[in-house]
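I wish to record what I looked up in the structure, entry by entry.

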Amino acid sequence: MKIQSVFDPSFARYGKVIKGFDTAALEAEMAKLPCPDGAVVYVPSVPELEALDVMQAFTDQLYGGMPIQIGYCNGDNHVMNCLEYHRDSELNLACTDMILLLGLEADVDFEKYEYDTSKVEAFLAPKGTLVEVYATAMHYAPINAGGKFRCTVVLPKGTNTELKFKPDPAGESRLLTATNKWLLAHAESPEAKNGAVVALKGENPVVNY
């Protein structure tokens, strides 16, 4: 798989690089958080991250005053397994070099609930890069880029937390696995074995960078 850069024009379909924010304190706090070997850990909301000054800056300047949460996704990963999307943009701060595997919601066949994984593209986000991943861009856990990854994840408050209702098994809601989280799983993924909808058709992309 060709590894592009988030600074390439081709990334514009999926998101944009954001500049002008001091993220040094956020990166320092991220370095203290767990980063397992051979696994991925995701926590939607971390008080220590949300106590930093950048929390208010992100709330006001990037989410227009909407309530947000700051969490993290850290670990050791080479395989896509799933793609997810939200009803809003997601901010990712690369606290190490990392690779994002991205697809477009517009390419999902919502008649069959299928997506062709050959359309997935890979983008390298260098350490210290803040990116907005658009609501229309499907994504999942980052991929290693020369070592384990650390990624700050900023989303509207409550996203990726436990659902408080039972999704309708008909229509798009069948893909809901958490609050504001629509998930498409590959048949080979652990998520599929746990009941997620198998909607990714083709190879399950593996990236060894």
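Helices (H or I, at least four residues) and strands (E, at least two) are taken here as DSSP runs, numbered from the N terminus. I note that this is a predicted model, in which local features need pLDDT of at least 70 and side-chain atom pairs count only at pLDDT 80 or more, while totals for chains, interfaces and linings use all residues. Residues are numbered from 1 along each chain as its sequence is written, and side-chain values use heavy atoms, with hydrogens and water left out.

**Entry: helix 3**

I began with Ala-57, which I found in helix 3. I took buried to mean under 20% relative accessible area, exposed over 50%, and partly exposed in between (1.4 Å probe, protein chains only). Ala-57 is partly exposed because its relative accessibility is 24%. For contacts I required heavy atoms within 4.5 Å. With residues up to four places away in sequence not counted, Ala-57 touches Phe-21 and Leu-62. I also looked up its separation from Val-197, 140 residues apart along the chain, and the C-alpha distance is 37 Å.

Which residues of helix 3 are buried? I list Val-54, Met-55, Phe-58 and Thr-59, within a helix that runs over residues 54-62. They cover an arc of only 140 degrees around the axis, so they lie on the same side of helix 3; the arc is that of the directions from the helix axis to the C-beta atoms. The buried residues of helix 3 pack against helix 1 (24-30) and helix 2 (47-50), and also against strand 4 (68-75), strand 6 (90-94), strand 10 (130-133) and strand 13 (149-156). Just after helix 3, I noted a positive phi of about 60 degrees at Gly-64.

**Entry: the largest nonpolar core**

I defined a nonpolar core as a set of buried Ala, Val, Leu, Ile, Met, Phe, Trp, Tyr and Cys residues joined through side-chain atoms within 4.5 Å. The largest one has 22 residues, and Leu-83, Ile-99, Leu-101, Tyr-115, Met-138 and Leu-184 have the most contacts inside it. Two or more residues each come from strand 5 (82-85), strand 7 (98-104), strand 9 (121-125), strand 15 (181-186) and strand 16 (198-201).

I then followed Tyr-115. Leaving aside neighbours within four places in sequence, its contacts include Leu-83, Met-138 and Leu-184, and also Val-120, Ala-199 and Leu-200.

Ala-185 has its place in strand 15. Ala-185 counts as buried because its relative accessible area is 0%. Its C-alpha lies 5.7 Å from that of Ala-199, 14 residues apart in sequence. Beyond neighbours within four places in sequence, Ala-185 is in contact with Asn-81, Cys-82, Glu-191 and Ala-192, among others.

Where is Glu-188 found? I located Glu-188 in the loop between strand 15 and helix 4. Glu-188 counts as exposed, because its relative accessibility is 53%. Not counting residues up to four places away in sequence, Glu-188 touches Asn-81, Lys-193 and Asn-204.

Asn-81 is a residue other than glycine with a positive phi, near 70 degrees. I placed Asn-81 in the loop between strand 4 and strand 5. At 14% relative accessibility, Asn-81 is buried.

Tyr-113, also not a glycine, has a positive phi of about 55 degrees. Tyr-113 sits in the loop between strand 7 and strand 8 (115-116). With a relative accessible area of 11%, Tyr-113 is buried. Arg-174 is in contact with Tyr-113, and with Asp-168, Pro-169 and Val-197, leaving aside neighbours within four places in sequence. I found Arg-174 in the loop between strand 13 and strand 14 (176-178).

**Entry: the largest pocket**

On a 1 Å grid over the protein atoms alone, with a 1.4 Å probe, I took a pocket as an open set of points with protein on both sides within 12 Å along at least five of seven lines; lining residues have an atom within 4 Å of a point. The largest pocket has a volume of about 400 Å³, the volume being the space filled by probe spheres set on the points. Its lining has 25 residues, and Val-40, Tyr-42, Cys-73, Tyr-140 and Ala-141 lie nearest its centre. At least two lining residues each come from strand 3 (40-43), strand 6, strand 7, strand 13 and helix 4 (190-193). I recorded 16 nonpolar, five polar and four charged residues in the lining, with Ala, Val, Leu, Ile, Met, Phe, Trp, Tyr, Cys and Pro as nonpolar, Asp, Glu, Lys and Arg as charged, and the others, Gly among them, as polar.
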